[in-house]
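Welcome, and please open your viewer so that we can walk through this model together.

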Amino acid sequence: MKSNSAIVLAAGTGRRLGKAGNGDPKCLQKIQDKHLIEWQLEILNSCGITDITVATGYKNEMLNGFGSRQIQNIQFETTNMV
């Protein structure tokens with residue numbers, strides 16, 4: 001992995017959020033009108049990290065467009081994030 005690379009783990013269901021999560025992945029919850037994943041990507045970019053892989057799983061189609069590339073964990077139900 002290059003020094004300007006990062007992996008963002010976004011495969012979990014966020015079930016501990018309960019009804020507050022509206023059934024969406026935890027990384028798509030909003031704080032101050034921005035998704036959690038947007039905050040993460042902005043911070044990484046501000047540090048010069050531009051090669052970002054997002055590990056998806058639960059409702060992976062909702063994460064299209066986030067990060068440089070995506071890798072889907074099809075076993076997220078049993079492995080959760082990793």
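The tour goes from the whole chain to the sheet, then to one strand and a few single residues.

**Before you click**

This is a predicted model, in which local features need pLDDT of at least 70 and side-chain atom pairs count only at pLDDT 80 or more, while totals for chains, interfaces and linings use all residues. Residues are numbered from 1 along each chain as its sequence is written, and side-chain values use heavy atoms, with hydrogens and water left out.

**Stop 1: the whole chain**

Show the cartoon and you will find two helices and five strands in the protein chain. Helices (H or I, at least four residues) and strands (E, at least two) are DSSP runs, numbered from the N terminus. Starting at that end, the elements follow one another as β-β-β-α-β-β-α.

Now colour by accessibility. Buried means under 20% relative accessible area, exposed over 50%, and partly exposed in between, with a 1.4 Å probe and protein chains only. Of the 82 residues in the protein chain, 38% are buried. Contact means heavy atoms within 4.5 Å; among contacts in the protein chain between residues at least 6 apart in sequence, 52% join residues at least 24 apart.

**Stop 2: the sheet**

Select residues 5-10, 51-56 and 69-72, which are strands β1, β4 and β5. They form an open sheet of three strands in the order β1-β4-β5, with parallel pairing. Because β1 and β5 stand at the edges, each with a single partner strand, one side of each has no neighbour in the sheet. From one strand to the next, the twist averages 25°. Helix α1 (residues 36-46) packs on this sheet and touches β1 and β4, and its direction makes about 170° with that of β1. Such axes are lines fitted to C-alpha atoms, for helices over the stretch in contact, and angles run from 0 to 180 degrees between N-to-C directions.

Two strands pair if DSSP finds at least two bridges between them. Six bridges link β1 and β4, and Ser5 stands opposite Asp51.

**Stop 3: strand β4**

Beyond its neighbours within four places in sequence, its contacts include Ala10, Leu63, Ile71 and Asn73.

**Stop 4: cysteines and a ring**

Is Cys27 buried or exposed? Cys27 is buried, because its relative accessibility is 9%; Cys47, at 57%, counts as exposed. A search of the whole structure finds zero disulfides, a disulfide being a pair of cysteine sulfur atoms within 2.5 Å.

Finally, select Lys34, which lies over the face of Trp39 at 4.2 Å from the ring centre. A charge sits over a ring if NZ of Lys or CZ of Arg is within 6 Å of the ring centre and within 35 degrees of the ring normal.
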